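Thanks for making the time this morning. I would like to walk you through one structure, starting with its ligand and then moving to its helices and its core.

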Amino acid sequence: MSTKTGSTPPAPGAEAVISLRGVHAELGARPVLRGIDLTVRRGEVVALLGANGSGKSTTVRAVIGQVPAGAGEIELFGTPRRRFRDWARVGYVPQRTTAAGGVPATLTEVVASGRLSRTRFGVFRRADHEAVRRALDLVGMADRAKDSVDALSGGQHQRVLIARALAAEPELLILDEPMAGVDLASQEVLARILRQQVDRGTTVLLVLHELGPLEPLIDRAVVLRDGCVTHDGPPPEAVGQHALPGHDHVHPHAPAGAEPIRTGLLS
Ligand SMILES: Nc1ncnc2c1ncn2[C@@H]1O[C@H](COP(=O)(O)OP(=O)(O)O)[C@@H](O)[C@H]1O
Ligand SMILES: [Mg+2]
């Protein structure tokens, strides 16, 4: 198993930052989560894996309260989610969709929206403007601050969404498929940013389609299938993939010249 270089692994007894126990959710009268157990401890980097439609996005959306959980318990930083108010401690990067529309915002506006939770009544002070600038700088987009987000490539857009999540300096980062539709250069930038965050102790839950360049950062992988957890442990490795549930076929969508597929779990 790979180890994270330059960071301390979380203590086994560290505080649970995210805790789901027996979580069920229905969407459109269809059971989508069927008893999810998932714990992410302080300082951990956990990858949530599984085929399309297995319930990964629904799980993270249940954590942040965008999907109502029918049964089960969800806690954030030890507080039942329903009573949790400290959202500045949580940075969320939703799964990117290609659908555009509306009035295009500038990069600064988008990133500043991520800082609102740290302001009093939405009033930006100097420290808030500085945090926004710092976040744009971290993702290498400071020189584009005044540009409109619809002029960006997929990878640049993703970097802006991450800057938005970082603007509040969260202790917990939740990212839904941050590498999807992102060019290789931006993938490397994202991997570097995430490593910096992990090194400063940020806890990370990330939905991934394949481990790819983030693999060295990941402490533990949780694999979903049809709304149930089928694996919770070390990240699956290419050689061990046949032993794990969820493996069924070789990934069919690899572009020509792409890296060899590392795992068959995520088709
Ligand atoms: N708003 C919704 N209404 C009805 N069904 C939904 C909705 N959102 C997701 N689903 C269904 O829930 C299942 C899990 O979706 P999702 O959590 O997005 O999976 P993943 O992120 O693993 O691809 C899928 O079958 C999907 O079609
Ligand atoms: Mg999803």
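Predicted model: local features only at pLDDT ≥ 70, side-chain atom pairs only at ≥ 80, totals over all residues.

Residues are numbered from 1 along each chain as its sequence is written, and chains are lettered from A and ligands numbered from 1 in the order in which they are written.

Back to the ligand. A residue counts as near a molecule or strand if its C-beta atom, placed from the backbone, lies within 6 Å of it, and around ligand 1 we find Leu27, Gly28, Arg30, Val32, Gly50, Asn52, Gly53, Ser54, Gly55, Lys56, Ser57 and Thr58. The elements that contribute two or more residues to this shell are β2 (30-41) and α1 (56-63), and α1 gives the most, with three residues. When I name elements, helices (H or I, at least four residues) and strands (E, at least two) are DSSP runs, numbered from the N terminus.

On the overall picture, the protein has five helices and 10 strands. Of its 267 residues, 39% count as buried, where buried requires 20 or more other C-beta atoms within 10 Å of the residue's own, exposed means 12 or fewer, and partly exposed is in between, with C-beta atoms placed from the backbone. I call two residues in contact if their C-beta atoms, placed from the backbone, lie within 7 Å; among the contacts in the protein with a separation of 6 or more, 69% come from residues 24 or more positions apart.

Now to helix α3, residues 126-138. Within α3, Ala131, Val132, Ala135 and Leu136 are buried. Seen down the helix axis, the buried residues of α3 fall within an arc of 135°, so they line one face of the helix; the arc here is that of the directions from the helix axis to the C-beta atoms. On the other side of α3, Arg126, Ala127 and Glu130 are exposed, whereas the buried residues pack against α2 (107-113) and α4 (154-166).

Leu138, also in α3, counts as partly exposed because it has 19 C-beta neighbours inside 10 Å. Not counting residues up to four places away in sequence, Leu138 touches Ala163, Leu166 and Ile193; with Ile193 the separation is 55 residues in sequence, and the C-alpha atoms are 7.1 Å apart. Just after α3, Gly140 takes a positive phi of about 75°.

How many of the 13 residues of α4 are buried? The count is 11 of 13, so that helix is mostly covered. What covers its buried residues includes β6 (90-93), α2, α3, β7 (172-176) and α5 (184-199).

That brings me to the core. A nonpolar core is a set of buried Ala, Val, Leu, Ile, Met, Phe, Trp, Tyr and Cys residues joined through C-beta atoms within 7 Å, and the largest one has 67 residues, with Val111 and Ala163 having the most contacts inside it. To this core α4 gives the most, with six residues. Leaving aside neighbours within four places in sequence, Val111 is in contact with Val132, Ala135, Leu136, Val160, Ala163, Arg164 and Ala167.

Finally, two backbone details. Glu169, in the loop between α4 and β7, has a positive phi of about 50° although it is not a glycine, and Glu169 is partly exposed, with 18 other C-beta atoms within 10 Å. Glu177, in the loop between β7 and α5, likewise has a positive phi, near 50°, but Glu177 counts as buried because it has 20 C-beta neighbours inside 10 Å.
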